[in-house]
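Please walk me through this model in the viewer, stop by stop. Tell me what to select and what I will find there.

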Amino acid sequence: MMGSLMTLQQGKQLLVQLNRDSRRLQLAGYFLAGFFLSAAALNRDFQPIVMGFCCAVGSGWPGILIALGGCAGYLAFWGAAAVQGLGWMIGGLLVGGFVADRPICTRQRLLVPALAALIVAGTGVLFLFRLHDSTPVPAYLLRIASAMGAAAVFQACRQCPGTAADWLAQALMVLALAQVMPIRYLGFGYIAAGYLGATGGFPAAALSGLALDLAQVTRIPMTGALCLGFCLRLIPQQNRWFAMLCPALGYIPMAVLTGHLDMMPLPGLLLGGLVSGVLPGTSTTPRPVHRRGETAVAQVRLEQMAMIFGKMEQDLLICDPVLDTPSVLLRAADEACDTCPERRQCKARQSVLEMPPGILEQPGLSAEDLPKGCRKHARLLQELRRGQEQLRRMKADRNRLCAYRTALREQYGYVSLYLQGLSDELATAKPFKPARFEPEVGMSTQARQEVNGDLCIWFAGTGNKYFVLLCDGMGTGEAARGESEEAAEYLRQMLTLGFPAEYALRSLNSMAVLREKGACSTVDLLQIQLDTGKAELYKWGAAPSYALRKGQLRKIGTAGPPPGLSQRQRETVDRLSLSGGEALILLSDGAGEEMLLRSHWEPEKMSPGEMAAGILEQGNDSGDDATAVVVRLKPSGLSTQ
């Protein structure tokens with residue numbers, strides 16, 4: 001037992017020591033980052049990039065160590081010429097300590113960059129007029145821009161890690177390290193660029209090369225060299241060693257093409273590429289690797305998500321709000337008795353408090369229904385009627401909540417079934433069947449106002465599915481058009497993703513119930529299988545449709561209530577075949593049956609567009625927008641009429 005306690009105590013001390021060592025390494029990293037960032041230069045002129053880093057990091061030891069490292073770096077790399085950098089670091093430390101951590105910097109993201117630019121501008125004016133600095137004004141403007149840009153980049157990295165700002169921060173580090181060369185053929189900037197060129201994506205490689213070009217450390221265009229190295233990484237069937245060598249391999253042809261055989265960057269690029277294969281957590285290829293079993297993992301995840309949504313559906317089904325009728329009755333009795341002057345010596349108080357809850361459900365409540373012996377029955381009757389009204393409002397709220405919960409439960413159920421269907425599709429690879437038919441869709445429409453409330457769209461779905469959708473907004477004009485467009489876009493997005501048609505329609509109904517936008521738009525949805533010619537016509541509140549075969553019309557469907565009125569409603573579906581040259585005619589409410597029956601049909605000689613126009617030529621007297629849509633299939637490979 002004592003041995004176990006000693007082992008546990010030693011392990012605890014080891015963890016504490018490791019935590020301390022990790023903290024020390026992190027603080028040392030801040031100092032080194034400030035030291036090396038102070039070496040950044042543009043046009044051979046030192047820049048306040050480290051000051052922007054100090055402004056963005058914030059208060060505490062990190063900011064202090066960055067400031068100390070920046071001061072040491074300016075003195076080490078630039079000597080007496082960089083005394084101005086000490087003023088930058090003092091200003092950056094003040095901004096980081098008193099401003100960077102405030103909530104206003106999260107809302108106003110340009111505040112810290114603006115203060116960094118103000119520090120550089122102020123010190124520039126001071127050195128120009130008081131100390132007679134010979135730095136030209138364009139150089140000062142460049143310093144202001146670099147300070148503002150560096151502060152913005154590092155602040156974005158701190159507030160939103162993992163964004164494109166990380167690439168820019170890496171490029172700034174390469175720009176600074178490009179000036180650090182402890183020995184002739186070993187530049188730190190080349191090593192960092194080689195590392196990023198071998199591990200990062202195209203933006204990292206391009207920005208690293210651009211940083212080396214801005215640092216003017218070589219006449220070879222490093223942007224082109226590192227981009228060429230990235231393209232070499234895209235060669236298929238390469239090994240990890242080839243990816244490590246790609247930055248150097250991209251540099252050699254660029255040096256030959258430009259005619260400047262400068263071999264100084266080559267060792268650094270080689271070393272950076274080799275480091276990419278040694279450091280943990282790096283990847284030498286930007287392409288996704290398809291490992292064995294990924295399809296099975298995706299299938300399992302889809303099944304788990306389907307189970308979660310199914311569980312949520314069941315939880316909503318079980319949950320049912322209960323009306324607390326006894327509490328309402330007790331409150332009404334208390335309100336009546338508390339204001340009664342006879343409450344202290346009232347003998348009927350107990351019988352009043354023990355009234356059955358069903359009394360609030362009783363219509364036409366009168367004094368005969370109250371407990372005997374109550375002297376203030378008028379007051380009690382008034383409070384009970386008030387309780388009845390409160391109970392009615394509570395019932396209405398409960399019914400509304402139940403409708404909302406049912407709509408939400410159905411949405412979860414549809415998503416669960418959809419995810420389960422995707423999982424099943426991954427498990428069973430179905431053979432591809434080419435389309436045997438091509439759809440022909442013709443439409444003609446008439447509007448009663450400038451804007452037509454009817455909308456018809458047709459589009460391809462997953463596999464060989466093809467959809468024709470006709471939405472008729474309630475009424476005419478802008479409002480009806482908006483309802484049609486909203487319903488059509490909602491259904492189009494779900495159907496193109498492979499959502500089953502019946503679930504998409506019921507989801508639209510649930511959304512309309514949740515938003516209390518019932519009777520907004522009727523729906524005619526035709527789903528065609530282009531490999532078989534079979535079709536399914538879904539209707540929800542739409543006018544009847546007609547199938548035309550050899551000049552004979554057959555009525556399909558009947559008009560009903562539009563979606564959004566109740567969760568108990570369902571769509572109607574009729575199955576038919578269009579593979580034998582049949583034409584299906586969809587009509588909005590304005591284009592009634594009379595217009596269709598008065599038309600003269602010669603389907604062999606008429607295109608779908610001519611047939612649709614012929615229906616509306618018979619006249620529209622309904623006062624509503626009218627739309628006729630004709631759908632027909634032709635064998636694949638023939639030209640559209």
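Start with the salt bridges: this predicted model has nine of them, counting a side-chain nitrogen of Lys or Arg within 4 Å of a carboxyl oxygen of Asp or Glu. Side chains of opposite charge can pair when their charged atoms come close.

**Stop 1: a buried pair.** Select Arg 143 and Asp 45. They form a salt bridge, with the closest N and O atoms 2.6 Å apart. Arg 143 sits in helix H7 (residues 137-159) and Asp 45 in strand E2 (residues 45-46), so the bridge ties together parts that are 98 residues apart in sequence. Are these two residues buried or exposed? Arg 143 is buried, at 1% relative accessibility. Asp 45 is buried as well, with a relative accessible area of 15%. Buried here means under 20%.

**Stop 2: two pairs along helix H18.** Move to helix H18 (residues 477-496). Select Glu 485 and Arg 481, whose side chains meet in a salt bridge at 3.2 Å, N to O. Both residues lie in H18, four residues apart, about one turn of the helix. Glu 485 is partly exposed at 40% relative accessibility. Arg 481 is partly exposed too, at 22%.

Stay on H18 and select Glu 489 with Arg 492. Their closest N and O atoms are 2.7 Å apart in another salt bridge. Here the spacing is three residues, again about one turn of the helix. Glu 489 has a relative accessible area of 33%, so it counts as partly exposed. Arg 492 is likewise partly exposed, with 29%.

**Stop 3: the second largest cavity.** How many cavities of 30 Å³ or more does the structure hold? There are two. To show its lining, select Leu 470, Asp 472, Thr 522, Val 523, Asp 524, Ala 542, Ala 543, Leu 587, Ser 588 and Asp 589. Strand E5 (465-473) and strand E6 (521-529) are the elements that give two or more residues to this lining. E6 has the largest share, three residues. Colour the lining by class: five residues are nonpolar, two polar and three charged.

**Stop 4: the second largest pocket.** Its volume is about 390 Å³. Of its 14 lining residues, the closest to the centre are Ala 169, Gln 170, Met 173, Leu 177 and Ala 192. Helix H1 (2-37), helix H8 (165-177) and helix H9 (188-199) each give two or more residues to the lining. Which of the elements gives the largest share? H8 does, with six residues. By class, the lining has twelve nonpolar residues, one polar and one charged.

**Stop 5: a turn of the backbone.** Select Gln 216, in the loop between helix H10 (202-215) and helix H11 (222-233). Check its phi: near 55°, a positive value in a residue other than glycine. Gln 216 is partly exposed, at 34% relative accessibility.

**Stop 6: a nonpolar patch.** Select Tyr 185, Trp 241, Leu 245, Leu 249, Ile 252, Val 256, Leu 261, Met 263, Leu 270 and Leu 274. Together they form a nonpolar patch with about 910 Å² of accessible area. Helix H12 (240-258) and helix H13 (265-276) each supply at least two of its residues. H12 provides the largest share, five residues. Finish on Ile 252, which lies in H12. Ile 252 counts as partly exposed, at 38% relative accessibility.

Conventions:
Residues are numbered from 1 along each chain as its sequence is written. This is a predicted model: local features need pLDDT of at least 70, side-chain atom pairs count only at pLDDT 80 or more; totals for chains, interfaces and linings use all residues. Side-chain values use heavy atoms; hydrogens and water are left out. On a 1 Å grid over the protein atoms alone, a cavity is a set of points where a 1.4 Å probe fits but cannot get out, and a pocket is an open set with protein on both sides within 12 Å along at least five of seven lines; lining residues have an atom within 4 Å of a point. Grid points are joined across faces, edges and corners, and a volume is the space filled by probe spheres set on the points. Ala, Val, Leu, Ile, Met, Phe, Trp, Tyr, Cys and Pro count as nonpolar, Asp, Glu, Lys and Arg as charged, and the others, Gly among them, as polar. Patches are made of residues with over 30% relative accessible area and no salt bridge: like charges are joined within 9 Å, nonpolar side chains (Val, Leu, Ile, Met, Phe, Trp, Tyr) within 5 Å. Accessible areas come from the Shrake-Rupley method with a 1.4 Å probe; for residues, only the protein chains shown count as cover. Buried means under 20% relative accessible area, exposed over 50%, partly exposed in between (1.4 Å probe, protein chains only).
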